[in-house]
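Hi,

Here is the structure I promised to pass on.

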Amino acid sequence: MAFFEELTKKAQAVASVAGEKAKDAAELAKINVAIAGEQRDIDKTYRTIGEWFVSEYEGEIPEAVKDLVEAVVASKARIAELEASKPSKDAAYTEAVPTGMKPCPICGAVSDSKFCPQCGAPMDQ
């Protein structure tokens, strides 16, 4: 019987240590998540400060940050070009739709029926 009692005590000690380590790991994870959240808040604040600075001093940008501001302006222009070059959804559907068929306004499946065979939505008349 002494063997089983000693084995039980050792198992309880191991379980206690494992529980403490799990508790410590959970606490560490909470702290890391909180730190990451605060870092995101700092990044958002810096971004807001930068956007304000650029809009406030648009014609008077200091030489130290002029290249960075020009890079942001160039990126915004490129984004606008890419957005303008996107094909419209309607154009993409009409190019691929055979005569007499129509695309579903919900899922895009092509059919000649009154209801979409894929999602059941009513087809435009």
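Cys116 is buried, at 5% relative accessibility (buried is under 20% relative accessible area, exposed is over 50%, and partly exposed is in between, with a 1.4 Å probe and protein chains only). Cys119, by contrast, is partly exposed, with a relative accessible area of 40%. This is a predicted model, so to speak of local features I needed pLDDT of at least 70, and side-chain atom pairs count only at pLDDT 80 or more, while totals for chains, interfaces and linings use all residues. Numbering runs from 1 along each chain as its sequence is written, and side-chain values use heavy atoms, with hydrogens and water left out.

Back to the cysteines: the structure holds zero disulfides (a disulfide being a pair of cysteine sulfur atoms within 2.5 Å). Cys119 is in none, and its nearest cysteine sulfur, on Cys104, sits 3.7 Å away.

Cys104 also turns up in the largest nonpolar core, together with Ala109, Cys116, Ala121 and Met123, five residues in total. A core here is a set of buried Ala, Val, Leu, Ile, Met, Phe, Trp, Tyr and Cys residues joined through side-chain atoms within 4.5 Å. Setting aside neighbours within four places in sequence, Cys104 is in contact with Ala109, Cys116, Cys119, Ala121 and Met123 (contact means heavy atoms within 4.5 Å).

Now the aromatics. A search of the whole structure finds two pairs; rings of Phe, Tyr and Trp (its six-membered ring) pair if their centres lie within 6.5 Å, and planes under 30 degrees apart count as stacked, over 60 as edge-to-face and the rest as tilted. Trp52 and Tyr57 are edge-to-face, because their planes are at 90 degrees, with ring centres 5.9 Å apart. Phe53 and Tyr57 have centres 5.2 Å apart and planes at 45 degrees, so that pair is tilted. Together the ring pairs link Trp52, Phe53 and Tyr57 into a cluster. Each member is partly exposed: Trp52 at 46%, Tyr57 at 32% and Phe53 at 27%.

As for the whole chain, the pattern along the sequence is α-α-α-β-β (helices are DSSP runs of H or I, at least four residues, and strands are E, at least two, numbered from the N terminus). Of the 125 residues, 9% count as buried.

Last, confidence: the average pLDDT (the predictor's confidence in each residue, from 0 to 100) is 82, and 90% of the residues score at least 70. Helix α2 (residues 63-85) has the highest mean, 89, and helix α3 (residues 89-96) the lowest, 55.

Cheers
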